[in-house]
Amino acid sequence: MDKKRKSRIWLIVSLILLLLLFVAAFGGEKWLHHAPFKPDMRHAFQKPCLEYPFGTDNLGRCVFCRIIKGSRTSIFSALFVVLIVFTVGTLLGTAAGFAGGIWENIIMKITLIFQAFPSFILAVAIAGILGNGVINGVLSLCAVYWTTYCRLARSLTVSLREVPYMKAAKVCGAGKPAILFRYILPNVMPSLLVTAALDVGSVILSMAGLSFLGLGAVRPTAEWGAVMSEAKDYLQTAPWIIVFNGIALFVVVTVFNLLGDSLRDLLDTEAEM
Amino acid sequence: MKRKAAVIMCAAMIAAMPMSSVNAAESGKHFTAGATTGFFGAESLDVAYNWDGWIMSIYGISENLFRLDASYVPQPWIAESYENVDDLTWKFTIRDGVTFSDGNPVTAEAVKKCFERTYANNDRAGSTLAIASMEADGQVLTIVTETPNPTILNDLCDPLLGIYDAEKEADPELGVSCTGPFVATSFSAMTEVQMEKNENYWGGTPKVDTVDLKIIDDTEALNMALQNGEIDLIAQLPASGTKIFENNEAVTMDSATSTRANFLMYNLEHAGVDDVNVRNAIGMCIDRESFADIVYNGYATASYGIYPETLPYGSTEGMENAVTAYDPEGAAALLKEAGYEDTDQDGILDKDGEPLSIHAITYSYNTECLQLADMMQAELAEIGIDMQIETFDVLDDSLTNGAFDMAILNYAMAPTGSAQYMISMMFETNGSNNYGHYSNATVDELSEKLKATFDEKERSDIAKQVCAELLKDRAFDFVADQQLICAYSKKVSGFEINPSEYYLMTNEIDIEE
């Protein structure tokens, strides 16, 4: 009971932090006292001060305003990726596990092909072929991440195929759609959700990585990875640009990982009980 | 898996260690310099291949008949003297006692053979200097040009016409034998060249024994390499590095006014930018002073003309010029006057139903050009022009295919000191780099006239007339003229910066051990 309570508290804490992040990303517009894109050359390379809490960049733009502006790109593109891979992977995986036979074989062989490559290298290659842009970055990460869900959903479904209540459902005359949606999906969902929550952080990092390499966000998007890539030229003269963007990335990834962890703990303790 | 990768990396590092330490431990003085691909990147060590002659001249491997001095005036180098026999005929006396690094003497015959090979292998040679015939007699080389050529001495400074031993087959790795103070001992394309001094150098034995020139494209890594003593000199220091070295006691920073400029080239075949009012309005939205003072940290000068003001034909005095200051309000008014209005309220101006949207391209590795693009994108958005930026490692394809409305470029405007160079290359209707399809009959006419004019004063006047036409049309918009900056350790002596980007390594460079 104590364990469960503890994980519940953690879940609430991480949800509150997440809420704060969303408020900052969505409502942050109101705090923007400076234009995030318009250069103000007279104020270039200002150190953090009251007027510019995180300082200004090489073109005199407020680093704080740009981080707020870029947070939406970073957070929502990652959520979008996870939503797509979660849906596609789960559907394909459960379908494969449920159908069995040749279909299972084909789908699983396809995932094997995708998994044969180091994942980030594959994402870089696909983004490189598709060209720059957040959308292309999202697509390339989807291509890399969906296999996890597909494999997990399939193995969970296979393990469910022979359990007694499944047999009972069949005997009672439940149709295939009913079995799939009423018995299999609800049972595989918790593990997949935890994986999804844990993946958000790593997708955000991968997206920033792609942008850092010049393959994700295009100008003038203030995506964190892209900003850090430009700011590395000023590592010695204006370190605040890269440092604050790095901290923002760190905080967001930590919050999402915290959420994923507490969600997993909660489900684990529930399963134990 | 990770552990395996780490083991392989460690093994590679250990394997690489003895190599680098052997180099450093070699007896004698060792000099190391770094630069980005733009300055040090050669594909081969063959003077005649592509632009490699330019890089080999920087390396101190190849030399020309003439050399540009600090004021862009050609001075005798491998050629000792010359005589202009008539409009078409020039006689050059090759310096006695000059040998190639392989020991063969440099004779008029050798120079002739060298030019013949270069002209056969590189198309650019013919447009640099059109030669009708050559004749060699002992040390005297007679060149007959196709048309009267007042800039032949400048043209002979182009490193493409560097002197090498054409008798000998070029080595697949180490290329051709030249006359410079250094000889390559190992070369890997676009990465690194290692050299040793040319013991037989005609101008006096070089003061350093071995030289290592490295390409380091990450500007911060380049700066740090000089800071931690890994390299002794940075050639063509990116502007962001100037702040780091300004207050560094162990480093000297030299700059020279080069002719390198940041400019915009418009594709006149594309709607929107084909309107001179739009081009003028864009020009008014560029804060050139801030760009020069802040992005370049003062190592550039704002430009409202065509050529740098330091050149005799650089002044724009008395010329009609629509853009003389940063004036975004004026730009907005100009567009309104020209009939551009935001009829659909989407924040982007339109005319005849066509939104004013510009596709701009620039180099992905040139941080100054990228910052100019960022500045312009935000400024133009304010007055209702949508600007999309696309960046490339190599721009050639997009430029040749016309896949741009506006290109943000960075060129040396007069690398040989002659105005003709860029007029023929970019401003003439059929110029090889006139990717925007600019065509002005007056410019073409003036260019032909310039080619046949020998008098310096008259040549400057013609060049100025070309500039006046260009300013009126604004198919090219010059933003800033940058300086060539080199930063080097206080241990280095004898280094002299030359505003032309053709030269770097000389026999005079020395280093304290």
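What is the volume of the second largest cavity? In this predicted model, the second largest cavity has a volume of about 60 Å³.

**View 1. The second largest cavity and its lining in chain A.** The residues around this cavity are Asp57(A), Asn58(A), Arg61(A), Arg66(A), Val227(A), Glu230(A), Ala231(A), Tyr234(A) and Ile241(A). Helix α8 (residues 224-231) of chain A supplies the largest share of the lining, three residues. By class, four lining residues are nonpolar, one is polar and four are charged.

**View 2. The largest cavity, lined by residues of chains A and B.** The space in the largest cavity amounts to about 100 Å³. Its lining includes Phe45(A), Asn58(A), Tyr234(A) and Thr237(A), together with residues of chain B, among them Lys243(B), Asn297(B) and Gln371(B). Five nonpolar, five polar and one charged residues make up this lining.

**View 3. The aromatic pair of Phe26(A) and Phe76(A).** Over all chains, the structure holds 24 aromatic pairs. In this one the ring centres are 5.3 Å apart and the planes meet at 55°, so the pair is tilted. Phe26(A) belongs to helix α1 (residues 2-27) of chain A and Phe76(A) to helix α2 (residues 63-99) of chain A, so the pair ties together parts that are 50 residues apart in sequence. Phe76(A) is partly exposed, at 25% relative accessibility.

**View 4. The edge-to-face pair of Tyr502(B) and Tyr503(B).** The two rings lie 6.0 Å centre to centre, with 85° between the planes. Tyr502(B) is buried at 0% relative accessibility, and Tyr503(B) is buried with a relative accessible area of 7%. Arg124(B) lies over the face of Trp51(B), 3.5 Å from the ring centre.

Definitions and conventions. Residues are numbered from 1 along each chain as its sequence is written. Chains are lettered from A and ligands numbered from 1 in the order in which they are written. This is a predicted model: local features need pLDDT of at least 70, side-chain atom pairs count only at pLDDT 80 or more; totals for chains, interfaces and linings use all residues. Side-chain values use heavy atoms; hydrogens and water are left out. On a 1 Å grid over the protein atoms alone, a cavity is a set of points where a 1.4 Å probe fits but cannot get out, and a pocket is an open set with protein on both sides within 12 Å along at least five of seven lines; lining residues have an atom within 4 Å of a point. Grid points are joined across faces, edges and corners, and a volume is the space filled by probe spheres set on the points. Ala, Val, Leu, Ile, Met, Phe, Trp, Tyr, Cys and Pro count as nonpolar, Asp, Glu, Lys and Arg as charged, and the others, Gly among them, as polar. Helices (H or I, at least four residues) and strands (E, at least two) are DSSP runs, numbered from the N terminus. Rings of Phe, Tyr and Trp (its six-membered ring) pair if their centres lie within 6.5 Å; planes under 30 degrees apart count as stacked, over 60 as edge-to-face and the rest as tilted. Buried means under 20% relative accessible area, exposed over 50%, partly exposed in between (1.4 Å probe, protein chains only). A charge sits over a ring if NZ of Lys or CZ of Arg is within 6 Å of the ring centre and within 35 degrees of the ring normal.
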